[in-house]
Amino acid sequence: MNELRVCDLFRGYGNVTIPPEISQERIFNICVSPGEVNEHSLLFLTEKVGDDITEFDCRVLKTEPAAIVASTNTQVNFCKCKKILVDNARSALSYALSNYYSIDYGKMKIIGVTGTNG
């Protein structure tokens with residue numbers, strides 16, 4: 001099981017506002033689905049491509065996460081949990097996952113294979 005402090009998850013990401021009281025808290029789970037949340041999770045409110053999440057109702061959560069990560073233009077309603085505000089939740093998620101799983105993209109090789117019609 002991986003764990004990382006909240007402040008370390010966003011290493012390398014630009015503009016992020018982390019409430020000081022959770023900055024040093026350990027996170028064991030990163031979620032994009034409200035159904036996967038537990039008290040040691042960060043829930044990322046990511047938008048689908050071409051669709052912005054502008055409003056989220058916390059009453060759909062069965063368990064309160066350690067924090068919700070949302071874009072600055074997203075309104076989070078009926079929520080007592082901490083909020084981490086970022087410029088772009090999808091981009092912040094990629095940094096968080098990269099730091100959480102210690103992915104070194106500098107050492108990664110990517111190869112593309114196409115067929116005769118590709």
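## A side chain and its partner

The side chain of Asn99 reaches the backbone oxygen of Arg11 at 3.0 Å. That is a polar contact, meaning a pair of N or O atoms within 3.5 Å where, within protein, one must be able to donate a hydrogen and the other to accept it, and residues adjacent in sequence count only if both atoms are side-chain atoms. Asn99 sits in helix H2, residues 89-100, and is buried, with a relative accessible area of 13% (buried means under 20% relative accessible area, with a 1.4 Å probe and protein chains only). Leaving aside neighbours within four places in sequence, Asn99 is in contact (heavy atoms within 4.5 Å) with Leu4, Asp8, Leu9, Phe10 and Arg11.

A note on reading these values: this is a predicted model, in which local features need pLDDT of at least 70 and side-chain atom pairs count only at pLDDT 80 or more, while totals for chains, interfaces and linings use all residues. Residues are numbered from 1 along each chain as its sequence is written, and side-chain values use heavy atoms, with hydrogens and water left out.

## Helix H2

Helices here are DSSP runs of H or I with at least four residues, and strands are E runs of at least two, numbered from the N terminus. The twelve residues of H2 should span 16 Å at 1.5 Å a residue, and the end C-alpha atoms are 16 Å apart, which agrees; the expected span is 1.5 Å times one less than the number of residues.

At the N-terminal end, Asn88 caps H2 through a side-chain oxygen 3.0 Å from the backbone nitrogen of Arg90. Just after H2, Ser102 takes a positive phi of about 55 degrees.

## The nonpolar core

A nonpolar core is a set of buried Ala, Val, Leu, Ile, Met, Phe, Trp, Tyr and Cys residues joined through side-chain atoms within 4.5 Å. The largest one has 20 residues, of which Leu9, Phe10, Leu42, Phe44, Ile84 and Val86 touch the most other members. H2 gives the most to this core, with five residues.

Phe44 touches residues including Phe10, Ala89, Ala92, Leu93 and Ala96, not counting those up to four places away in sequence.

## Confidence

The mean pLDDT (the predictor's confidence in each residue, from 0 to 100) is 86, and 92% of residues reach 70 or more.

Technical notes
Buried means under 20% relative accessible area, exposed over 50%, partly exposed in between (1.4 Å probe, protein chains only).
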